[in-house]
Amino acid sequence: MINQKSITISYTEFEGRDHLNESELLLCESAVNSAKKAYCPYSKFSVGAAVLLESGDIVTGNNQENAAYPSGLCAERVALFYAGAQYGNIAPKTMAIAALIDGELTDNPVTPCGACRQVFAEIENRYHKPFSIFLIGKEKIIKIDNSVDLLPLAFKLSEC
Ligand code: THU
């Protein structure tokens, strides 16, 4: 038997920040401020991520590059691994991601790389809770309600 299957994802696109509530705005600002402190001498592409935990704490991270390129790490994983190290028993609730070029927020939102998406899947699996993501651009903002939607058929050892 052959089953043809398909997967669709849905997300929300906002023009500008008017539709965000106070805590979402704070998280976006935290991501932008974190991007300003990125260490990215090679790409000069500054990325910041801010993670709101279920406790209300906000943890931030930014990309950390290295002369041996693959040794660097994306902003999302710096933030999420720091959260895991410092607040391992508290689930992430929402994450905001922003990128700057020449100190200016990119027009379009930055979208996370595949390796980061695999880490999102692990976190959802670890805490048995979805977390949402805001991708912040100057002109538009994208909201993804469940981070795992970004990686259909993600690898999960527990499901093999
Ligand atoms: N980068 C991130 O930190 N997050 C993303 O979502 C995309 C890419 C970083 C990796 C590298 O330091 C630089 O941006 C250029 O790819």
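User: Where does the ligand sit?

Analyst: The ligand sits in the largest pocket, where "sits" means that more than half of its atoms lie within 2 Å of the pocket's grid points. A pocket here is an open set of points, on a 1 Å grid over the protein atoms alone, where a 1.4 Å probe fits, with protein on both sides within 12 Å along at least five of seven lines; lining residues have an atom within 4 Å of a point. This is a predicted model, in which local features need pLDDT of at least 70 and side-chain atom pairs count only at pLDDT 80 or more, while totals for chains, interfaces and linings use all residues. Residues are numbered from 1 along each chain as its sequence is written, and side-chain values use heavy atoms, with hydrogens and water left out.

User: Which residues surround the ligand?

Analyst: Ser 43, Phe 45, Val 47, Asn 63, Glu 65, Cys 74, Ala 75, Glu 76, Val 110, Thr 111 and Pro 112, taking a residue as near if one of its heavy atoms lies within 4 Å. By class, that shell has six nonpolar, three polar and two charged residues.

User: Which polar side-chain atoms lie by an oxygen atom of the ligand?

Analyst: One of Glu 65 lies 2.5 Å from a ligand oxygen, and one of Asn 63 lies 3.0 Å from a ligand oxygen. From the backbone, an N or O atom of Ala 75 is 2.9 Å from an oxygen atom of the ligand. The cut-off for a polar contact is a pair of N or O atoms within 3.5 Å.

User: Back to the largest pocket. What volume does it have?

Analyst: About 240 Å³, as the space filled by probe spheres set on the points. It is lined by 18 residues, and the closest to its centre are Ser 43, Asn 63, Glu 65, Leu 73 and Cys 74.

User: And what is the volume of the second largest pocket?

Analyst: About 150 Å³. Its lining includes Ile 7, Asp 149, Lys 156 and Glu 159, and divides into eight nonpolar, one polar and three charged residues.

Note on methods:
Polar contact = N/O pair within 3.5 Å; in protein donor to acceptor, adjacent residues only side chain to side chain. Nonpolar A, V, L, I, M, F, W, Y, C, P; charged D, E, K, R; others polar.
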